[in-house]
Amino acid sequence: MENFPEDSLQFSCEEIGETLMKQQGMTFKFKKVNGRYIHTFIAGKLLTKIGLTPRIVIGRELRDFISAELAIYKETFYRDAWEGNEDIIYEGELNGVYYMASLQPIRQFGKVIEVIASCVDITERKRSEEELRATKELLESVIKNSVDSVCITDIEGKVIRVNDAFEKIYGWSEKELVGKKLPNIPENLYDSLVEICKPVLTGTKAISFETMRKRKDGELIHVFLTLSPIKDARNAVVALTGIARDITERKKSEEFFRKADKLNVVGQLAAGLAHEIRNPLASLRGFLQLFLSGHEGKSEYFDIMISEIDRINSIVSELLIISKPHATSFQENNIGIILRSVVTLLEAQATLNNIQFHVEIKDNFPLVESSEIEIKQVFVNILKNAIEAMPNGGIIRIKAIVQTDNLLIRFIDEGSGINESIITRLGEPFFTTKDNGTGLGLMMCYKIINEHKGRMHINSVINKGTTIDVILPTPG
């Protein structure tokens with residue numbers, strides 16, 4: 001074997017020592033002397049971080065430079081390593097710095113003569129773990145204490161977790177559901193839910209919508225549901241979160257307001273319609289008196305009488321459409337035709353108030369998925385409010401325009417206007433600018449247009465008038 005020169009060995013030892021001093025972690029050694037574990041070497045930048053120096057550590061045992069309690073804890077690992085156990089690992093902390101130490105016994109002729117330890121700084125990892133733990137506890141608290149039901153499922157729809165509110169709303173406990181598919185989805189809504197979930201499963205976005213769900217006792221309830229994707233570190237969707245709020249009572253209230261508003265509309269229309277109906281009735285009565293007096297009938301009289309009867313029937317039919325109970329039914333409707341029928345219905349009331357309608361409706365309106373009855377209810381409310389806002393008469397302009405992706409129906413009155421500070425409150429139940437109003441009319445207008453995926457805008461100038469825009473989406 002080739003012998004290395006002594007100066008080369010010395011250089012190698014110095015180089016190793018310098019390397020150990022520059023390492024980011026820390027290396028130390030100890031021996032057992034007279035029952036005490038005495039440190040014989042220590043080096044590395046971690047040593048400075050924890051506030052120690054070789055002078056403080058070398059030649060001393062643990063309790064000479066750390067607390068007795070901590071020394072006793074670490075000596076258990078020192079003892080295991082000195083007894084020959086391999087890969088002894090423990091975590092330590094000193095002066096706010098966390099580290100992990102790995103102890104390896106050094107043997108000579110089968111006997112442990114020294115133990116060497118290698119330490120790495122894990123402060124950042126511990127900080128991340130603490131942040132993760134705090135975040136997890138916060139999320140657990142939010143989920144557990146939420147008044148909304150929370151359900152987490154895998155991408156196949158099997159339940160991973162539900163909270164207490166889920167059991168309170170639906171009746172099923174977490175123990176009954178874990179590993180199974182949700183039983184609260186009505187059969188007739190399952191296919192539509194699959195379609196709704198597609199963009200969520202691709203991670204594109206979270207979605208919110210109103211729907212029906214089934215309770216354990218079979219009762220159907222209205223819920224507002226938000227579905228969100230849960231992604232892993234590679235941005236792949238691994239689960240879904242469903243947060244639901246029971247809105248059954250709210251829906252009942254809305255239905256109550258809807259019916260109350262219809263009664264209000266019908267009642268206020270009655271006066272105007274009575275005048276409109278009285279005119280043809282007077283004509284009919286006059287012709288009948290002529291016939292009773294022996295006046296010879298003429299065919300044109302009968303034509304006029306039939307025309308007047310048809311006019312009465314048309315007016316009463318429109319009133320019945322607005323007032324009668326119904327289930328909301330969406331079908332393709334021509335909004336221009338609906339608007340003209342409402343204008344015809346309210347012409348008498350407008351004339352009584354010295355008001356004229358100026359109507360501009362573009363031809364060839366596209367058909368829109370809508371509820372004819374509810375759209376009529378919106379238009380009646382808006383025009384009725386415009387008439388009431390113009391006690392001195394004037395002109396109400398109505399424009400219906402086809403835009404790129406929308407239909408714009410604009411109502412412009414010449415009334416007293418609305419203060420800008422209260423425009424944002426319009427649509428709140430029981431908030432009204434009228435002495436005898438309820439505020440339900442505009443509230444239901446907003447609700448109906450929102451259900452049609454449209455929107456309403458109100459602009460007003462005091463003493464000049466108000467403009468209301470109803471915007472409805474056209475088929476894509």
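By class, 13 nonpolar, one polar and one charged residues make up the lining of the largest cavity, where Ala, Val, Leu, Ile, Met, Phe, Trp, Tyr, Cys and Pro count as nonpolar, Asp, Glu, Lys and Arg as charged, and the others, Gly among them, as polar. The model is predicted, so that local features need pLDDT of at least 70 and side-chain atom pairs pLDDT 80 or more, while totals for chains, interfaces and linings use all residues. Residues are numbered from 1 along each chain as its sequence is written, and side-chain values use heavy atoms, with hydrogens and water left out.

A cavity is a set of points on a 1 Å grid over the protein atoms alone where a 1.4 Å probe fits but cannot get out, and its lining residues have an atom within 4 Å of a point. Grid points are joined across faces, edges and corners, and a volume is the space filled by probe spheres set on the points. One cavity of 30 Å³ or more is counted, and the largest cavity holds about 120 Å³ of space. Of its 15 lining residues, Met 26, Phe 28, Phe 65, Lys 74 and Tyr 99 lie nearest the centre. Two or more lining residues come from each of strand 1 (26-33), strand 2 (36-43), helix 4 (68-82) and strand 3 (88-94); helices (H or I, at least four residues) and strands (E, at least two) are DSSP runs numbered from the N terminus.

Asn 95, in the loop between strand 3 and strand 4 (97-108), has a positive phi of about 55° although it is not a glycine. Asn 95 is exposed at 59% relative accessibility (exposed, over 50% relative accessible area with a 1.4 Å probe, protein chains only). Asn 235 likewise has a positive phi, near 70°, and is placed in the loop between strand 9 (220-231) and strand 10 (237-246). The relative accessible area of Asn 235 is 54%, which counts as exposed.

Key: 1 Å grid on protein atoms, 1.4 Å probe; cavity = no way out; pocket = protein on both sides within 12 Å on 5 of 7 lines; lining within 4 Å. Buried < 20%, exposed > 50% of the residue type's maximum accessible area, 1.4 Å probe, protein only.
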